Amino acid sequence: QVQLVESGGGLVQPGGNLRLSCATSGNIFSIYAWGWYRQAPGKQREWVGHITAGGITNYTHSVKGRFTISRDNAKNTVYLQMNSLKPEDTAVYYCNAPGPGVGDTLYSWGQGTQVTVSS
C-alpha cells in the first residue's frame with residue numbers, strides 16, 4: 001500500500017507563500033498523475049489541481065495563477081507552490097493519485113498538512 005506524507009503547512013499572512021510537499025512510498029510514482037486536495041473547516045474535501053505523468057497541470061479556478069504543482073519522479077514527491085495566499089485558502093491539504101472516475105482517488109489519505117492564512 002502506498003503511503004502519502006504531506007508536509008510544509010503552517011501559519012502565513014494573507015499574500016504570503018508556502019510550498020507543500022507530498023512524499024510517496026512505492027515505486028510506481030512516475031506512471032501516475034498526482035493531485036492536491038484540500039478540506040476547509042465544515043466543508044467537503046475538494047480537488048485543487050493535478051499534474052499528469054507527462055507534466056501537464058490543471059487547477060481549480062480559484063487557485064489558477066497562484067498555485068503551481070510540480071513533481072520530482074526521482075524523489076517520488078509532488079509539490080504545491082502556493083503564492084498570494086488568501087484566508088479562503090485555509091484548509092488541510094492532502095495529496096493523492098486521481099482515480100478513473102470523477103472524484104476517485106487511488107490510495108488511502110495521509111494525515112494532511114494544515115495551512116492557515118490569517119493576519
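How many disulfides does the structure hold? The structure, a predicted model, holds one disulfide.

## Disulfide

The bond joins C22 and C95, with the two sulfur atoms 1.7 Å apart. This pair connects distant parts of the chain: C22 belongs to strand β3 (residues 18-24) and C95 to strand β9 (residues 91-96), a separation of 73 residues. Both C22 and C95 are buried. A disulfide is, in general, a covalent bond between the sulfur atoms of two cysteines.

## Sheet architecture

Six strands make up an open sheet in the order β2-β10-β9-β4-β5-β6, and their pairing is mixed. At the edges lie β2 (10-12) and β6 (57-59), each of which pairs on one side only. From one strand to the next, the twist averages 25°.

Within this sheet, strands β4 (residues 34-39) and β5 (residues 46-51) are antiparallel and pair over five bridges. G35 has H50, in β5, as its bridge partner. Strands of a sheet pair through backbone hydrogen bonds, in either a parallel or an antiparallel sense.

N96 is located in strand β9. Is this residue buried or exposed? N96 counts as buried because its relative accessibility is 0%, where the cut-off for a buried residue is under 20%.

The side chain of N96 reaches the backbone oxygen of Y107 at a distance of 2.8 Å. Leaving aside residues up to four places away in sequence, N96 touches L4, W34, G35, Y37, T105, L106, Y107, S108 and W109.

Terms used
Residues are numbered from 1 along each chain as its sequence is written. This is a predicted model: local features need pLDDT of at least 70, side-chain atom pairs count only at pLDDT 80 or more; totals for chains, interfaces and linings use all residues. Side-chain values use heavy atoms; hydrogens and water are left out. A disulfide is a pair of cysteine sulfur atoms within 2.5 Å. Helices (H or I, at least four residues) and strands (E, at least two) are DSSP runs, numbered from the N terminus. Buried means under 20% relative accessible area, exposed over 50%, partly exposed in between (1.4 Å probe, protein chains only). Two strands pair if DSSP finds at least two bridges between them. Axes are lines fitted to C-alpha atoms, for helices over the stretch in contact, and angles run from 0 to 180 degrees between N-to-C directions. A polar contact is a pair of N or O atoms within 3.5 Å; within protein, one must be able to donate a hydrogen and the other to accept it, and residues adjacent in sequence count only if both atoms are side-chain atoms. Contact means heavy atoms within 4.5 Å.
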